[in-house]
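Reader: I have a chain open on my screen and would like to talk it through with you. Could you take my questions as they come?

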Amino acid sequence: MRPSITPNLLATVLADAPARVRKRLDADPSKADGWEWTHEDGKWTIAAGGETVQVSADPVTEIGHIGCGCLLSPRCGHVLAVANVLPLTDGADDGDDPDVGAGDAVTKAPSAPVAEAVVLKPAQRRAVDQAWQVGTELVSTGIAAADTTARAALLRAVHACRIAGLHRLAAAGTALAQAISDLAADRPHFVLSDCVALLSELLGTAWRLRHNASADDLGVGRRDYQPIPTTSLTGLCTTPILSDTGYGGAVTYLVGSAGRIVSVASVLPDADPFALYRAPVTLGNLSTKHDALGRSSLFVQGATATTTGRVGGGSGASATATGPATWDDDAVAALWKTPLSTQLDRAFAALTVPPTQRHEGADLLFLDGEVLHGPSGVEVAAEGMRARAIADDVDDRLRFGTNLRRLATMAPTPVRMIARFVPHRSRTIAPLAVRVDDRMVNLGFETLDASAARLGAPPPGTTSPLTGLAQVLHRVALGGRDCAGPSSNRTIQVTGERLRRDFLPHSAELLERLHSSASAVTRDVFGQARRADADAFATAWTAAMTYLDVAQRRLSRSDWDTTA
């Protein structure tokens, strides 16, 4: 696991490097990935050809933490290449702004999502304008063309937003900068749709802050742990964590006596999820393991938790295991008694909340149904609805895929299941744990008792009527304004006709507005054509992406109501 670097420092390193050095980095942004990295006594040594780069801190927060033996350090290509491949830290940058007071931003998570209007301070308005301009430039040129200069501008905007208390903007900008870096370095875990969603989040949030700011758009800076009342907790299941950035671990979901779902997580860099699954986890004075915690009943006093439901120990916390837990216990069984339609409404509603404010377990579905081997692979039928089951994580080190194949060999069979809701995919769930023949199995860690069977490849799914609009918007995000300009006349015309044929006239109007703004030109005093203001184009693209996000959720939710 490599050390992380703060966005502001990386922006400084990129901006201070000579233009010729930045140009060499743009030609090979992942150069340092091929160098030899050695970690010893809390320091990293990188053999950069004939030179040596040293990183002495994690996270890297100041230029003195990273250096090279060459004469140009720290403005050399070696330092620049190493800094460019370091993951960005999620923590807030150090720094103060005299125009931002302690009450200017939301720094602690509210007890519930709020949408009251707020008035921005001058420093916050400047930071919002900076983020909007950076986003406008990115959508105009395309993320594929974003070089080190564009990434430095984005990271400077992230820093400005953080010290101004605009945490939602800063989080979107940080994730977008990392995604752009992944695209430039051709890393296999880059996902275009995720990157496009981040660009839309940056521009959408900035637009709302400029025109009608609310507390939701300010976001949450950190999740503080607060004391929680004495409660009983009953284990539900445990699922693995295996991130692209190198973190691994396990998270156990539990439910309180009032029906509130909370979680206890163990996540470490370069960690093996299976090792942490069976390693001790401490909750107050109780030391147990995740594989046991998810099957136990606890009595907890003096513990702390975030308002989103992440449980911490607390200095005076105590916990006592009161016995084994089953899914038939009163506190747990009530989750399965909630109608599936109500659970789906809750899961879809959670999508409208910023990720940092979503409650633990908001995307979990509790199903009593039947496992079937349908035309699209493993399917689950429950309450008159039928959903396709997919692996929560396709990494071969985990056991989700193996267990899905084994579930298919057992079909048809009744099953009680905890599954993760998969948004923007037609009637799709990712099972996390099942109970078959009175045995509860955590599908990511344990193995079902059944002979393995090979499933055929699933046939193509039903195409969403919004696919054409989504394709145009994604092409624009990747390739820039020209992808919706005059050269795309035929594509825009055909896509618009198809949208109107599918009774989506408003989406067609948004697409045509985007095309019009991309094609608009102005004339200078000499009569030469120049592109019109980029703000109108960025606004049109953001409006279309906002519509697409809401419409996809509505279509996905209505699809669940269709009887199988």
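Reader: To start with, what percentage of the residues in the chain is buried?
Author: This is a predicted model, and in it buried residues account for 49% of the 564 residues in the chain.

Reader: And how many helices and strands are there?
Author: The secondary structure of the chain comes to 17 helices and 22 strands. As for how the chain folds back on itself, among contacts between residues at least 6 apart in sequence, 67% join residues at least 24 apart.

Reader: Let's go to the sheets. In what order do the strands of the four-stranded open sheet with β1 come?
Author: The order is β1-β2-β3-β4, and the pairing is antiparallel. β1 (36-40) and β4 (66-68) stand at the edges with a single partner strand each, so one side of each has no neighbour in the sheet. From one strand to the next, the twist averages 20°.

Reader: How many bridges hold β2 and β3 together?
Author: Strand β2 (residues 43-48) and strand β3 (residues 51-55) pair over five bridges in the antiparallel sense, and within that pairing Thr-45 stands opposite Gln-54 in β3.

Reader: Which helix lies across those strands?
Author: That is helix α3 (residues 77-85), which lies across β1, β2, β3 and β4 and runs at about 145° to β4.

Reader: Now the five-stranded open sheet: which are its edge strands?
Author: The sheet has the order β8-β7-β6-β11-β14, with antiparallel pairing, and its edge strands are β8 (261-269) and β14 (318-324), each of which pairs on one side only. The twist in this sheet averages 30° from one strand to the next.

Reader: And how many bridges are there between β6 and β7?
Author: Nine bridges join strand β6 (residues 231-242) to strand β7 (residues 247-256), and the two run antiparallel. Thr-238 has Thr-252 in β7 as its bridge partner. Helix α11 (residues 330-337) lies across β6 and β7, and its direction is at about 60° to β6.

Reader: Switching to the hairpin of β19 and β20, which residue there takes a positive phi?
Author: Asp-437 does, with a value near 55°, in a hairpin that has two residues between the strands. Strand β19 (residues 428-436) and strand β20 (residues 439-442) are antiparallel and joined by four bridges, and Ala-433 stands opposite Asn-442 in β20.

Reader: Is Ser-181 buried or exposed?
Author: Ser-181, which sits in helix α6 (residues 167-184), counts as buried because its relative accessibility is 4%, below the 20% cut-off. Apart from neighbours within four places in sequence, Ser-181 is in contact with Asn-84, Arg-151 and Arg-187.

Reader: What about α15, which of its residues are buried?
Author: Ile-492, Thr-495, Gly-496 and Leu-499 are buried in α15. Seen down the axis of α15, the buried residues fall within an arc of 100°, so they line one face of the helix. On the other side of α15, Arg-490 and Arg-501 are exposed.

Reader: And what covers the buried residues of α15?
Author: The cover includes α14 (467-479) and α16 (505-519). Helix α15 (residues 489-501) has 13 residues and reaches 18 Å from its first C-alpha to its last, close to the 18 Å expected at 1.5 Å a residue. The helix is followed by Phe-503, which has a positive phi near 60°.

Reader: Last one: how far apart in space are Ala-349 and Arg-553?
Author: They are 9.5 Å apart, C-alpha to C-alpha, although 204 residues apart in sequence. Ala-349 belongs to helix α12 (residues 340-350) and, at 40% relative accessibility, counts as partly exposed.

Technical notes: Residues numbered from 1 in each chain as written. Predicted model: local features only at pLDDT ≥ 70, side-chain atom pairs only at ≥ 80, totals over all residues. Heavy atoms only, no water. Pairing = 2+ DSSP bridges. Axes fitted to C-alpha atoms, helices over the stretch in contact; angles between N-to-C directions. Contact = heavy atoms within 4.5 Å. Expected span 1.5 Å × (residues − 1). Buried < 20%, exposed > 50% of the residue type's maximum accessible area, 1.4 Å probe, protein only. Arc of directions from axis to C-beta.
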